[in-house]
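Biologist: I would like to learn how to read salt bridges and a ligand shell in a model. Please give the general idea, then the case at hand.

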Amino acid sequence: MIPNNACSALKALLDDRVKFDAPMSRQTSLRVGGPADALATPQNREEMAQLLALCSQHGLPRTFLGAGFNLLVREDGLDGVVICTKKLRRLEARSGPTVFAESGVSHASLTRFCVEQGLSGLEFGAGIPGTIGGWMAMNAGIGHREQKDVVLEVESISADGVKKKVLDSAALGFGYRRCAGLEHGAVALSALFQVRPASPKKVKAEVDRLLGQRQASQPLNAPSCGSVFRNPPGDYAGRLIEQAGLSGERLGGAEISRRHANFIVNQGGATADDVLGLIKRARESVRKMSGIELETEVRILGRISG
Ligand SMILES: Cc1cc2nc3c(=O)[nH]c(=O)nc-3n(C[C@H](O)[C@H](O)[C@H](O)COP(=O)(O)OP(=O)(O)OC[C@H]3O[C@@H](n4cnc5c(N)ncnc54)[C@H](O)[C@@H]3O)c2cc1C
């Protein structure tokens, strides 16, 4: 619950760019989850800094939202303010050559831009859905290629909205699906990527090849959050879940995909509890079968009832 004086301050700052009691099922790709106390969408960097300062003054918890492709919000909803970055969308080629992208730029826009401009190096991101901010926080990638290999620096603002910093790759502290430099409430405002000139035709061919691979191996026709679990060292979570006999396992409207067992898909009407129930089943079965403790890659947020 946000106190009345804080609600008024949010309204005064953001007008209709803040919504109260906002269902997170509309903001996440799994299409499940209860309401956030408030959903705020600042229109530029200055407003982002003011919003962070306001939240800090009123002691409001903050959660950053890119495009919600890696978030699972519990049924009982989320305390505090969800801060959406989608209006930060500047995207430009710079010298080097490099590409500058604000945190709300979508993966699809970045990929299209690189194809049009004939800039190579970021093709591996084709088909990893989300925003630049989400990509940074998750060090998103495929196989052995991740953001840490292509990002030169990230601009950020501290949790209290006061300190602006430029983090180089050492300060970002990228790890397997994590970025230590963004783990203490700082928001990523933009990233600068290293690229190299190439023919647009060649860049497009590689993008198309990777998109085709995804079409063939992932259940892209139903809502999901991508890989639910991190791969344990030397193995694949999907292989272990499949071996445990859980492909096609259902709970309510949620199903462990037959096409890729590390995906849980919403087959219609699933709740966060259905998805969490399948996560529990998968962990228990894999533990029993192999002794391996699966850890979630999807970020699970929200109130725990009871
Ligand atoms: C079909 C499908 C396929 C996928 N394939 C892959 C894949 O191959 N590789 C891979 O790595 N991932 C994959 N994912 C997961 C997802 O695409 C990535 O995790 C992506 O980085 C999420 O971006 P987002 O903008 O949606 O982030 P969100 O889900 O909105 O947020 C993810 C995390 O980032 C934080 N965050 C978001 N923006 C900011 C910001 N500006 N500053 C600070 N923190 C921020 C959030 O608070 C949250 O903790 C897949 C998902 C789907 C649905």
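Biologist: How many residues apart are Lys 204 and Asp 208 in helix H6?

Modeller: Helices (H or I, at least four residues) and strands (E, at least two) are DSSP runs, numbered from the N terminus. Lys 204 and Asp 208 are 4 residues apart in helix H6 (residues 200–217), so about one helical turn separates them. This is a predicted model, in which local features need pLDDT of at least 70 and side-chain atom pairs count only at pLDDT 80 or more, while totals for chains, interfaces and linings use all residues. Residues are numbered from 1 along each chain as its sequence is written, and side-chain values use heavy atoms, with hydrogens and water left out.

Biologist: What do the side chains of Lys 204 and Asp 208 meet in?

Modeller: A salt bridge is a side-chain nitrogen of Lys or Arg within 4 Å of a carboxyl oxygen of Asp or Glu. The side chains of Lys 204 and Asp 208 form one at 2.8 Å, N to O.

Biologist: Is Lys 204 buried, exposed or partly exposed?

Modeller: Buried means under 20% relative accessible area, exposed over 50%, and partly exposed in between (1.4 Å probe, protein chains only). Lys 204 has 42% relative accessibility and counts as partly exposed; Asp 208, at 37%, also counts as partly exposed.

Biologist: Which residues do salt bridges with shared partners join into one network?

Modeller: That network consists of Glu 146, Lys 148, Asp 149, Arg 177 and Glu 297. Within it, the side chains of Arg 177 and Glu 146 meet at 3.3 Å, N to O. Arg 177 lies in the loop between strand E13 (174–175) and strand E14 (178–179), and Glu 146 in strand E10 (residues 145–146), so the pair ties together parts 31 residues apart in sequence. Both Arg 177 and Glu 146 are buried.

Biologist: How many residues surround the ligand, and which are the closest?

Modeller: A residue is near a molecule if one of its heavy atoms lies within 4 Å of it. Here 34 residues surround the ligand, the closest being Phe 64, Gly 66, Pro 129, Thr 131 and Gly 141. H4 supplies the largest share of this shell, 5 residues.
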